[in-house]
Amino acid sequence: MIAHLNGKLLTKEPNAVIVDVAGVGYEVNIPLSTFYELENEGSNVQLRIYTHVKEDALQLYGFKTTR
């Protein structure tokens, strides 16, 4: 399971970001509260991750804090 990501913020939208970690881009769903706490694109970012596994999908949900 993926529990934490640390990398470069490639794109930032109100509901999702893409984080580059060692050349791999992870698409992460985020809440608006996390969107407003993130730095600008191109900066380093650290996210706590909840990995949601379904029969037909693997989704990552990211949060700036553990709260």
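**Entry 1: the start of the chain**

Is M1 buried or exposed? I looked there before anything else, keeping in mind that this is a predicted model. M1 is exposed, and its relative accessible area comes out at 83%. I found M1 in the segment before β1. M1, V53 and L58 make one of about 390 Å².

**Entry 2: β1 and its partners**

I moved on to strand β1, which covers residues 4–13. Which strands does β1 pair with? One is β4, residues 44–53, joined to β1 by 5 bridges and running antiparallel to it. In that pairing I found L5 opposite L47 of β4.

Another partner is β2, residues 16–21. Here too I noted 5 bridges and an antiparallel run. β1 and β2 make a hairpin, with 2 residues between the strands. I looked up two positions along it. T11 stands opposite I18 in β2, and K12 has V17 as its bridge partner.

A reminder to myself for looking at strands: side chains in a regular strand alternate between the two faces of the sheet.

**Entry 3: K8**

I stayed in β1 for K8, which has its place in that strand. Is K8 buried, partly exposed or exposed? K8 has a relative accessible area of 42%, so I put it down as partly exposed.

What does K8 touch, leaving out residues up to four places away in sequence? My list has I18, V19 and D20, then G42, S43 and N44. I also checked one distance: K8 and D20 are 12 residues apart along the chain, and their C-alpha atoms are separated by 5.1 Å.

**Entry 4: from β2 to β3**

How many bridges join β2 to β3? I got 6, with the strands running antiparallel. V19, which is on K8's contact list, has Y26 of β3 as its bridge partner.

β2 and β3 also form a hairpin with 2 residues between the strands. The loop between them holds A22, with β3 spanning 24–29. A22 made me stop. Its phi is positive, about 55°, although A22 is not a glycine. I wrote down the background for that: most residues other than glycine have a negative phi. A22 counts as exposed, because its relative accessibility is 82% and the cut-off for exposed is over 50%.

**Entry 5: helix α1 and T34**

Then I went to helix α1, residues 32–37, where T34 has its place. Is T34 buried or exposed? T34 counts as buried, since its relative accessibility is 3% and buried means under 20%. Beyond residues up to four places away in sequence, T34 touches L47, G62, F63 and K64.

**Entry 6: K64**

With a relative accessible area of 31%, K64 is partly exposed.

Which residues does K64 touch, again not counting those up to four places away in sequence? There are T34, E37 and L38, and also V45, Q46 and L47. I looked at L38 from this list separately. K64 and L38 are 26 residues apart in sequence, yet 7.6 Å apart in space, C-alpha to C-alpha.

**Entry 7: aromatic pairs**

How many aromatic pairs does a search of the whole structure find? The search gives 2.

F35 and Y36 form an edge-to-face pair, at 5.3 Å centre to centre and with 75° between the planes. I checked how covered these two residues are. F35 is buried, at a relative accessible area of 16%, whereas Y36 counts as exposed, at 63% relative accessibility.

Y50 and Y61 also pair. Their ring centres are 6.3 Å apart and their planes are at 40°, so I noted this pair as tilted. What does it tie together? Y50 lies in strand β4 and Y61 in strand β5, so the pair ties together parts that are 11 residues apart in sequence. Both Y50 and Y61 count as partly exposed, with Y50 at 45% relative accessibility and Y61 at 28%.

How values were computed. Residues numbered from 1 in each chain as written. Predicted model: local features only at pLDDT ≥ 70, side-chain atom pairs only at ≥ 80, totals over all residues. Heavy atoms only, no water. Buried < 20%, exposed > 50% of the residue type's maximum accessible area, 1.4 Å probe, protein only. Contact = heavy atoms within 4.5 Å. Pairing = 2+ DSSP bridges. Helix = DSSP H or I, 4+ residues; strand = E, 2+ residues; numbered from the N terminus. Patch = residues over 30% accessible without salt bridge, like charges linked within 9 Å, V, L, I, M, F, W, Y side chains within 5 Å. Areas by Shrake-Rupley, 256 points an atom, 1.4 Å probe, with all protein chains shown as cover. Salt bridge = Lys/Arg side-chain N within 4 Å of Asp/Glu carboxyl O. Phe/Tyr/Trp six-rings, centres within 6.5 Å; stacked < 30°, edge-to-face > 60°.
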